[in-house]
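Below are some brief notes on the charged side-chain pairs. Please read them alongside the sequence and the model.

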Amino acid sequence: MVFMADKNRTYSSTLRADQARQTRRRIVDAAAELFAEHGYAGTTIDAVATAAGVSRKTVFDSVGGKAQLMKLAYDFAIVGDDEPAALLAEPDHAKRLAMYASVVVGIDRRLSAAWRAFEGAATSDPEAAKLYGVMVEQRRNAMREPAQLFADAGALRPDLDIEVAADLMWFYNDPSLYDKLVRQRGWSVDRFQAWLTEALQVQLLGKAPSVRTAE
């Protein structure tokens with residue numbers, strides 16, 4: 001009987017945790033859509049709650065304020081890709097960068113509109129500005145590991161050190177570039193990915209691209 005009681009408690013606890021994760025994800029997804037449509041300033045917690053089908057209190061209890069909602073929307077957009085493991089296993093450096101460009105474009109397609117809204121908010125909202133700075137710095141620091149991998153393999157251009165290589169990867173891994181060229185200038189996604197692939201291969205490896213995405 002004691003064993004059954006423990007098993008039931010474990011089941012109930014797991015079920016509640018799953019429900020909490022689903023609720024949190026629903027809230028963040030609703031916020032990301034509203035940020036993209038109405039901007040950061042034009043999105044209210046009440047609107048997020050309504051779109052997610054929860055109470056205002058649930059939004060705050062599950063996630064927090066608008067800045068935290070934006071941070072999680074960014075994190076979820078990145079975690080949505082399963083390709084990094086395959087990327088690390090690819091022995092050809094040019095192909096690896098082509099795969100990396102594909103990952104970046106996938107993230108940009110989900111995130112660029114919301115990121116644009118967050119950049120705007122950082123100019124007027126102190127909490128958003130602080131979190132935006134943290135996110136930018138984290139994104140730059142995350143580039144150091146792949147830059148090190150290319151350096152260890154002897155693949156980097158001879159005039160690049162690891163920090164400059166990381167800077168270049170950080171520069172090209174920017175949702176603002178996608179927004180400018182695809183949304184503002186009307187480039188197709190395929191054309192943008194082809195350009196990004198070539199830029200990464202030339203800037204990091206110092207040679208013409210061996211893999212091109214269809215124009």
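With which residue does Asp167 form a salt bridge, and how far apart are the closest N and O atoms?

1. The partner of Asp167 is Arg140, with 2.5 Å between the closest N and O atoms. A salt bridge here is a side-chain nitrogen of Lys or Arg within 4 Å of a carboxyl oxygen of Asp or Glu. Asp167 sits in helix α9 (residues 162-172) and Arg140 in helix α7 (residues 126-142), so the pair links distant parts of the chain, 27 residues apart. Helices are DSSP runs of H or I, at least four residues, numbered from the N terminus.

2. This is a predicted model: local features need pLDDT of at least 70, side-chain atom pairs count only at pLDDT 80 or more, and totals for chains, interfaces and linings use all residues. Residues are numbered from 1 along each chain as its sequence is written, and side-chain values use heavy atoms, leaving out hydrogens and water.

3. Arg140 is buried, at 10% relative accessible area, whereas Asp167 is partly exposed at 35%. The cut-offs are under 20% for buried and over 50% for exposed, with partly exposed in between (1.4 Å probe, protein chains only). Both residues belong to a salt-bridge network that also includes Arg144 and Glu163.

4. Asp46 and Arg56 form another salt bridge (3.1 Å, N to O). Asp46 is in helix α2 (residues 45-52) and Arg56 in helix α3 (residues 56-62), so the pair ties together parts ten residues apart in sequence.

5. Within helix α1 (residues 2-38), Arg25 and Asp29 are four residues apart, about one turn. Their side chains meet in a salt bridge at 3.1 Å, N to O. The structure holds ten salt bridges.

Note on methods:
Helices (H or I, at least four residues) and strands (E, at least two) are DSSP runs, numbered from the N terminus.
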